[in-house]
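Please examine the sequence and the three-dimensional structure shown below.

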Amino acid sequence: MTTLVKICGLRTPETVEAALAGGADMVGLVFFPRSPRNVSIEEAKRLRAVVGDRAAVVALVVDADDALLDAIRDEVRPDLLQLHGRETPERVAAIRERTGLPVMKALGVSDAADLARAAAYAPVADRLLFDAKPPQGAVLPGGNGVAFDWRLLAGLDLPKPFMLSGGLDPGNVAEALAVTRAPGVDVSSGVERAPGDKDPERIAAFIKAARGAA
Ligand SMILES: O=C(O)c1ccccc1N[C@@H]1O[C@H](COP(=O)(O)O)[C@@H](O)[C@H]1O
């Protein structure tokens, strides 16, 4: 089966086009003001129009309140919500119910015990995303370009599909896929020149490397 590829934190039509030209399955828009990749609802609407039906649009939020979720659903019309904060299983279920959108819950991983948390989220999320835990003192809960020990995911058996993220880049994504057998990968920092500044060449190289590994 083909590996799903998500390019996250896109902020310009040019980089959205680069992701689509490379064959990305999902493009991620970040709604988190502290992130250098943050977009407003208006910017997101324009990017959503650029994407059309050529890929799935993923709206990334961090402990979002209902007003923000409603605005994203009604105005941006994403295909999937990525919940990248401290949302409990109950909150994930409530968001899914309220918005009517499928949700992907991100879980921070640093050791095997972190994977046990997936059991509580699998019944309420449509998809899980395993990311590295942020380094101490980090401003962002994700998008830090930090990897975790991929061997923790080897042999993982979950009732829901999952994606891998955290410190992936064009040079290591093939190895990450070989180790984890993840059905999908997600990247942000690893395809940038600087935080928030996506590089079309690195986007293309990442997608090619992920596809080549499949
Ligand atoms: O990208 C961001 O700015 C971001 C902000 C807040 C939460 C998550 C964020 N990005 C997600 O983090 C992971 C890993 O990113 P990286 O490739 O290590 O930079 C990825 O799932 C992004 O969607």
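**Helices, spaces and backbone angles**

In this predicted model, the buried residues of helix H7 pack against strand S7 (162-164), strand S8 (184-187) and helix H8 (200-213). Helix H7 itself comprises residues 173-180, and its buried residues are Val-173, Ala-176, Leu-177 and Thr-180. These residues cover an arc of only 95° around the axis, which places them on the same side of H7.

Helix H8 can be examined in a similar manner. The 14 residues of H8 should span 20 Å at 1.5 Å a residue, and the end C-alpha atoms of H8 are 20 Å apart, which agrees with that expectation. Which residues of H8 are buried? They are Ile-203, Phe-206, Ile-207 and Ala-210. Viewed down the axis of H8, the buried residues fall within an arc of 95°, so they line one face of the helix. On the other side of H8, the residues Glu-201, Lys-208 and Gly-212 are exposed. The partners of the buried residues of H8 are strand S1 (4-8), helix H1 (13-22), H7, S8 and strand S10 (197-198).

The largest pocket has a volume of about 510 Å³. Its lining consists of 24 residues, and His-84, Gly-85, Arg-86, Pro-134 and Pro-141 are those that lie nearest its centre. Strand S5 (103-109) and strand S6 (127-132) are the elements that give two or more residues to this lining. Of the elements, S5 gives the most, with four residues. Sorted by class, the lining of the largest pocket has 12 nonpolar, four polar and eight charged residues.

The second largest pocket holds about 290 Å³ of space. It is lined by 25 residues, of which Asp-131, Gly-142, Gly-143, Asn-144 and Ser-188 lie nearest its centre. By class, the lining of the second largest pocket divides into nine nonpolar, 13 polar and three charged residues.

How many cavities of 30 Å³ or more does a search of the whole structure find? The search finds one. The largest cavity has a volume of about 40 Å³. Its lining includes Asp-131, Gly-142, Gly-143 and Asn-144, which are also among the residues nearest the centre of the second largest pocket. Pro-134 and Pro-141 belong to the lining of the cavity as well, and both are among the residues nearest the centre of the largest pocket.

Most residues other than glycine have a negative phi. Just after H7, Arg-181 takes a positive phi of about 60°. Asp-63 has a positive phi near 50° and is found in the loop between strand S3 (56-61) and helix H3 (66-76). Arg-77 has a positive phi near 55° and lies in the loop between H3 and strand S4 (80-83).

Is Asp-63 partly exposed or buried? Its relative accessible area is 44%; because exposed requires over 50% and buried requires under 20%, Asp-63 counts as partly exposed. Arg-77, at 52% relative accessibility, counts as exposed.

Key
Residues numbered from 1 in each chain as written. Predicted model: local features only at pLDDT ≥ 70, side-chain atom pairs only at ≥ 80, totals over all residues. Heavy atoms only, no water. Buried < 20%, exposed > 50% of the residue type's maximum accessible area, 1.4 Å probe, protein only. Arc of directions from axis to C-beta. Contact = heavy atoms within 4.5 Å. 1 Å grid on protein atoms, 1.4 Å probe; cavity = no way out; pocket = protein on both sides within 12 Å on 5 of 7 lines; lining within 4 Å. Points joined across faces, edges and corners; volume = space filled by probe spheres on them. Nonpolar A, V, L, I, M, F, W, Y, C, P; charged D, E, K, R; others polar. Expected span 1.5 Å × (residues − 1).
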